[in-house]
Amino acid sequence: MATLGNPQETIAVLKKYNFNFQKKFGQNFLIDTHVLDKIVAAAGITKEDMVLEIGPGIGTLTQYLCESAREVVAVEIDRNLIPVLSDTLSAYDNVTVLNEDVLKVDLDALVREKNAGKPIKVVANLPYYITTPIIMKLLEENIPVSSITVMIQKEVAERMQAEPGGKEYGALSLAVQFYADTYIAANVPPNCFMPRPNVGSAVIRLTKHEKCPVKVQDTSYMFKVIRASFAQRRKTLVNGLCNSSEISVDKEAVLNALEKMGLKADVRGEKLSLVEFAKLSDLLCG
Ligand code: SAM
């Protein structure tokens, strides 16, 4: 049975180990059992699954994961938390804690070793200061992952899920949606954490596409086009592309491509869907 997930137990563990929160590691620990149940339910974990948890903290979510998964690997950067985790996870024999920076771990090798290379599930209450690098590492490096269910800043979750036309829509929406379907499972207020973060949070599940939803000749070129199109939001797409330091295109070529696609010369990046960016990229690099 999980013992953590409420303020009293969390305070008792913190006191026992004389633990001081480190702001630089984005430490906001969960203290609400309903939220913990919601994360586990949204991730759809079964006894077949191997789960990678990023940033176990004092082991609150880890206990819930150990109860429902076959095996859990938890990667924690803060060495002060390692003795705490040995204590709070002592009842479980299906967990391994690694004292590492997740951005430096060879996750592909880890999945090969622990799950015979078959897709794993990632579940975490992420440190907000590195949300995007962690998610993009998992998606872009083609690590065998079937889904990523994570607590992140609400505003970032909304940007990941945004559709063309709105002000939240941008390069991050396209980068995430190229690899995965997005689903916001819950909004979570600051009082569910200790200490309270000064932003709202949300649980988002990213389910990796089995087959990519768009065909594009050169993915890396398409993402350069996307970044350039959103670099100066108040400019037209033509100006954004022509002023970019990442790609070199002339105005004539961009105007021609837009005309072929039936788009206006003064269209802005936020109007284009992923399929349209793929087409534009193919026309420009072809
Ligand atoms: N999972 C715990 C919970 O829900 O109560 C703690 C979540 S807290 C928001 C984020 C955790 O990630 C902290 O324990 C922090 O030390 C850890 N962390 C921060 N940067 C990390 C990194 N680069 N690699 C691994 N863990 C990291």
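## The largest pocket

Let's start with the pieces that build the largest pocket: β1 (29-30), β2 (50-54) and α3 (60-68) each give at least two residues to its lining. Helices (H or I, at least four residues) and strands (E, at least two) are DSSP runs here, numbered from the N terminus. This is a predicted model, where local features need pLDDT of at least 70 and side-chain atom pairs count only at pLDDT 80 or more, while totals for chains, interfaces and linings use all residues. Residues are numbered from 1 along each chain as its sequence is written, and side-chain values use heavy atoms, with hydrogens and water left out.

A pocket is worked out on a 1 Å grid over the protein atoms alone, as an open set of points where a 1.4 Å probe fits, with protein on both sides within 12 Å along at least five of seven lines; lining residues have an atom within 4 Å of a point. The volume of the largest one is about 620 Å³, counted as the space filled by probe spheres set on the points, which are joined across faces, edges and corners. Its lining has 35 residues, with Phe25, Gly26, Gln27, Asn28 and Pro127 nearest the centre. That lining splits into 19 nonpolar, ten polar and six charged residues (Ala, Val, Leu, Ile, Met, Phe, Trp, Tyr, Cys and Pro count as nonpolar, Asp, Glu, Lys and Arg as charged, the others, Gly among them, as polar).

## The ligand inside

The ligand sits in this largest pocket, meaning that more than half of its atoms lie within 2 Å of the pocket's grid points. Around the ligand are 23 residues, and Leu30, Gly55, Glu76, Asn125 and Tyr129 come nearest (a residue counts if one of its heavy atoms lies within 4 Å). The shell holds twelve nonpolar, six polar and five charged residues.

Now for the polar contacts, pairs of N or O atoms within 3.5 Å. Glu76 has a side-chain N or O atom 2.6 Å from a ligand oxygen, and Gln27 places a polar side-chain atom 2.9 Å from an oxygen of the ligand. Asp101 reaches a ligand nitrogen, again through a polar side-chain atom, at 2.9 Å. On its own the ligand exposes 600 Å², and the protein buries 99% of that (Shrake-Rupley method, 1.4 Å probe).

Most residues other than glycine have a negative phi, and most peptide bonds are trans. Asn18 isn't a glycine, yet its phi is positive, about 50 degrees; look for Asn18 in the loop between α1 (7-16) and β1.

Then there's the cis peptide bond joining Met194 and Pro195, with omega about -15 degrees. Pro195 is in the loop between β8 (193-194) and β9 (201-208).

Methods. Polar contact = N/O pair within 3.5 Å; in protein donor to acceptor, adjacent residues only side chain to side chain.
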